[in-house]
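Subject: A structure for you to look at

Hello,

Here is the structure I promised to pass on to you. Have a look at it first, and then read my notes below.

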Amino acid sequence: MFKSKYRIIGSLFIVLASFSACTKGLDKEPTASTDESKALLTSEDVESALVGAYSRLGDDNVYGGDMFVYSELMGDNDEIYWSGTYQGMTQIFNKNIPVDNDFVQDTWLGSYNAINVANNVLSAIDSVDEAKQDKVKGEARFIRAAVYFDLVRLYGKAWNDGSPTTNLGVPLVLTPTKGVSESLKVSRNTVAEVYTQVISDLSVAEELLPDDNGFFANKSAAGAMLARVYLQKGDYENAAAAANRVIESGTNSLMETYADAFPYNPDNEKEVIPNTDEDIFAMQVNASQGINEFYTFFSQSGRGDIEINASHFADYEPNDDRINGGFYESGGSIYCGKYDMAYGAVHIIRLAEMYLIRAESNFRLNPGSAAAADDINIIRARVGLDPIAAGDLTLDAILVERKHELSFEGHKLHDAKRLEQDILGIPWNSSKLVFPIPDREMKVNSNLVQNDGY
């Protein structure tokens with residue numbers, strides 16, 4: 001059923017020079033934090049701070065992967081086995097999280113660090129050379145929006161759980177500060193207010209960013225994140241439109257095979273691997289900068305803490321190439337084969353997701369949609385599956401395709417919530433599936449309100 005680990009991926013890619021996304025293009029040392037007493041006086045200062053914002057975004061507890069691993073652990077429906085010794089991760093996997101969970105705290109702090117550096121860049125945008133201002137502003141707003149979107153999904157109720165206009169999300173801090181709680185005594189904004197800010201930031205970013213921006217966020221990255229946000233809201237018209245803009249831009253293309261989307265070099269698992277043509281946005285990793293927590297937890301070459309249960313494959317079609325292209329068996333256990341390169345890029349958004357979002361959204365707007373079937377069949381054809389006629393296509397079939405294509409890429413919990421699917425008998429809207437506000441933040445900021453159940 002599964003290929004040997006060392007035969008999963010045959011395609012090799014050119015070695016990336018020794019730099020990460022946080023240095024390519026700007027050619028500067030990153031400034032990860034900015035002293036408020038030291039103004040960003042020149043364009044070079046601000047551009048260096050922007051590099052620092054990417055560096056903070058790529059921290060292990062933010063877009064270095066932890067945020068997405070949480071989703072797979074908390075959203076698990078007995079399809080994985082967790083053998084890790086990190087108590088905080090075990091608590092997340094067990095859906096029994098105390099308020100002093102260290103991962104919950106570190107992700108909160110790391111996220112607001114990234115937001116703060118982005119805010120510093122935006123506050124000093126007038127110092128940037130005029131020809132570069134749009135790009136710099138667009139990147140900073142993309143970073144801020146991306147982090148806020150994932151924060152509100154983890155620390156707030158789902159959009160469809162009660163009223164987003166009254167449910168509490170996370171504090172919106174849009175100007176530079178020394179610290180979220182200590183300096184401002186901020187209160188939590190509503191879920192709706194956070195989504196509104198996220199959509200505003202991403203819309204501006206999509207307008208300002210160039211089509212090509214190296215490994216940094218570009219126009220398609222902003223549009224793709226917008227499609228993801230709209231899908232989470234159930235705004236299918238806007239989700240389809242945003243996904244369509246990304247697909248039709250031609251900036252990215254699907255790799256020839258599913259395995260090609262996750263490059264692997266069996267002769268050198270520490271080769272630095274660049275983005276593929278399918279990666280709309282990914283965090284770069286090398287020996288000196290960045291980290292890939294998918295590799296840490298999913299790869300047998302990392303910690304190998306997450307094994308895949310046989311139950312995960314119950315609804316795959318027998319000849320689905322994603323079985324061999326995405327998994328391998330070793331020592332009697334099954335592992336996800338997408339993350340076996342220590343310095344592989346952290347895949348945040350792939351083009352395949354845009355086809356799936358456009359298909360689902362178009363189908364919901366117009367059941368029996370030929371366009372929806374066309375998109376699903378593009379995904380199916382790549383993995384050797386027969387096409388589905390438009391008249392035979394169902395929403396369940398689309399969702400199964402999404403599950404298989406995007407397996408273990410960080411969508412599990414958030415899809416369960418938007419689709420209102422219970423998890424191991426726990427209701428999809430249970431407080432057990434929402435992170436607590438970290439105890440440290442509650443102690444220093446009396447304006448914060450704790451989530452239900454904690």
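**What I found**

Of the 454 residues in the protein chain, 60% count as buried. Please keep in mind that this is a predicted model.

Let's begin with the whole chain. It is built with 16 helices and 6 strands. Along its principal axes, the C-alpha trace spans about 60 × 50 × 45 Å. How does the radius of gyration of the protein chain compare with that of a compact globule? For 454 residues, such a globule would have a value near 22 Å, and the chain has 21 Å, so the two agree.

The contacts tell you about the fold as well. If you take contacts between residues at least 6 apart in sequence, 71% of them join residues at least 24 apart.

Helix H2 covers residues 66-74 and helix H5 covers residues 130-155. They pack at an angle of about 30°, and their axes are 11 Å apart. Why is H2 called roughly parallel to H5? Angles under 35 degrees count as roughly parallel, and the angle of about 30° therefore makes H2 roughly parallel to H5. Their crossing is left-handed.

Which residues make the contact? From H2 they are Met67, Phe68 and Tyr70, while H5 brings Val147, Asp150, Leu151 and Leu154. Sorted by class, this contact has 6 nonpolar residues, 1 charged residue and no polar ones. Asp counts as charged, so Asp150 of H5 is the charged residue in this contact.

Enjoy exploring, and write back with any questions!

Best wishes

How values were computed:
Residues are numbered from 1 along each chain as its sequence is written. This is a predicted model: local features need pLDDT of at least 70, side-chain atom pairs count only at pLDDT 80 or more; totals for chains, interfaces and linings use all residues. Side-chain values use heavy atoms; hydrogens and water are left out. Axes are lines fitted to C-alpha atoms, for helices over the stretch in contact, and angles run from 0 to 180 degrees between N-to-C directions. Helices (H or I, at least four residues) and strands (E, at least two) are DSSP runs, numbered from the N terminus. Angles under 35 degrees count as roughly parallel, over 145 as roughly antiparallel, 65 to 115 as roughly perpendicular and the rest as oblique. A crossing is left-handed if the near helix is turned anticlockwise from the far one by less than a right angle, and right-handed if clockwise. Contact means heavy atoms within 4.5 Å. The radius of gyration is taken over C-alpha atoms; the globule rule is 2.2 Å times the number of residues to the power 0.38. Buried means under 20% relative accessible area, exposed over 50%, partly exposed in between (1.4 Å probe, protein chains only).
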